[in-house]
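Morning, everyone. Let me put the next structure on the screen. Have a look, then we'll walk through it.

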Amino acid sequence: MEKKITVIKGDGIGPEIVNEALKVLDAVAKKYNHTFTYTDILMGGASIDVHGVPLTDEAIEVAKASDAVLLGSIGGDTTTSPWYQLEPSLRPEAGLLKMRKELGLFANLRPAYLYNELKEACPLKEEIIQDGFDMMIMRELTGGLYFGERKTQEIDGQMVAHDNLVYSEKEIRRIAKRGFDIAMKRRQKVTSVDKANVLDSSRLWRKVVNEVARDYPEVELEHMLVDNCAMQLVRNPRQFDVILTENMFGDILSDEASMVTGSIGMLSSASLRDDCFGMYEPSHGSAPDIAGKNIANPIATILSAAMMLRYSFDMDEEADAIENAIKKILKDGYRTIDIMSKGHKEVSCSKMGDLIVENL
Ligand code: NAD
């Protein structure tokens with residue numbers, strides 16, 4: 001198969017971790033007789049430095065013309081980097097929001113999976129972890145509070161800020177369908193998370209999710225309030241299969257879910273639309289504190305590349321091969337610094353990439 005991949009290395013550790021993912025993709029292409037062609041574009045701080053804006057229209061066109069996008073991470077140190085002296089619409093993350101919107105990527109998938117070999121990194125008690133957990137957070141990505149109208153104005157001598165939370169039935173229905181589709185391929189349970197006791201947008205969310213559920217009689221549906229869900233994630237994460245939720249709740253809950261796996265450097269993510277196109281990136285940020293040291297964990301990015309093979313290119317066998325190679329390396333005791341513990345072998349970012357290639 002021939003596939004065109006847009007590559008955004010980004011800022012901080014982005015270039016280091018993406019290079020390792022490309023190494024792995026090249027090895028997959030060789031082993032399974034595929035041709036992957038890569039086109040680099042700039043986004044975030046790297047684009048600001050060259051073009052003065054975090055994403056150009058030309059870069060968007062390149063992404064649109066490809067089969068999938070692989071992204072490292074964007075952004076710098078938010079207190080010291082000059083990028084954060086710019087007005088909000090010119091800062092690095094504005095590039096990412098614009099890219100998601102332009103590509104119509106409305107569904108964000110974030111697996112939170114506890115590897116047996118990394119159980120000691122999980123901050124939860126043994127009796128809660130038991131034989132591990134495996135959940136998928138499905139977050140709506142292009143609506144809600146982050147995209148509603150906002151303004152700050154002076155009223156009666158004091159500043160007042162407004163952020164609007166807006167959802168249409170159509171937006172809720174398409175993400176709910178995606179959530180149920182994913183659940184059908186997993187353990188067939190959806191937990192829809194909202195704040196229906198307070199918010200109108202949540203009441204509409206709940207109504208539409210119930211309607212969509214009628215088309216998926218095999219899937220068990222439960223509704224959970226977001227505050228309860230935040231608690232349940234640390235009390236009993238094993239109860240969850242697919243967590244389906246709106247943009248801001250998903251932003252917060254997916255970080256919490258990744259934290260209970262104990263290692264942000266291991267967690268991949270995908271942003272999808274209705275067809276098979278998607279953008280794939282690690283769940284973590286650009287880690288400016290360790291950039292350029294060749295110590296970052298590239299596994300989240302490599303697993304994101306595996307998700308790209310699975311969800312955009314329908315290459316399940318190839319994706320399985322990458323995931324199995326990673327499990328094998330963890331079993332053999334290799335660790336990057338973020339997941340290092342006593343009795344294991346510490347390796348660099350590039351060495352971890354090499355080991356995964358060797359084990360494919
Ligand atoms: P971060 O995820 O970059 O880092 C948090 C901590 O985790 C740091 O100590 C870092 O060293 C460590 N870490 C993260 N990824 C790692 C890896 N692969 N290997 C080893 N250690 C790793 O979060 P932050 O510090 O809050 O944000 C830094 C920058 O990243 C900010 O500019 C932020 O806006 C941006 N960011 C970008 C994205 C994205 O591109 N999608 C997502 C989140 C944050």
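This is a predicted model: local features need pLDDT of at least 70, side-chain atom pairs count only at pLDDT 80 or more; totals for chains, interfaces and linings use all residues.

Numbering starts from 1 along each chain as its sequence is written, and side-chain values use heavy atoms, without hydrogens or water.

Now the ligand. How many residues surround the ligand? There are 20, and the closest are G76, G285, A287, D289 and N297.

G76 uses a backbone N or O atom, 2.6 Å from a ligand oxygen. S73 puts a side-chain N or O atom 3.2 Å from an oxygen of the ligand. With H284, a side-chain N or O atom sits 3.1 Å from a ligand nitrogen. Alone, the ligand exposes 810 Å², and the protein buries 68% of that. Those areas are Shrake-Rupley values with a 1.4 Å probe.

Next, the sheet. It is open, with ten strands in the order 2-1-3-12-11-4-5-10-8-9 and mixed pairing. Strands are DSSP E runs of at least two residues, helices are H or I runs of at least four, and both are numbered from the N terminus. Two strands pair if DSSP finds at least two bridges between them. Which strands are at the edges? Strand 2 (35–40) and strand 9 (220–225), each pairing on one side only. From one strand to the next, the twist averages 25°.

Look at one pair. Strand 8 (residues 189–194) runs parallel to strand 10 (residues 242–245), over four bridges. T191 has I243 in strand 10 as its bridge partner.

Last, I128. This residue lies in helix 5 (residues 126–129). I128 touches V234, R235, P237 and R238, leaving out residues up to four places away in sequence. Contact there means heavy atoms within 4.5 Å. I128 and R235 are 107 residues apart along the chain, yet their C-alpha atoms are separated by 7.1 Å.

Methods: A residue is near a molecule or strand if one of its heavy atoms lies within 4 Å of it. A polar contact is a pair of N or O atoms within 3.5 Å; within protein, one must be able to donate a hydrogen and the other to accept it, and residues adjacent in sequence count only if both atoms are side-chain atoms. Axes are lines fitted to C-alpha atoms, for helices over the stretch in contact, and angles run from 0 to 180 degrees between N-to-C directions.
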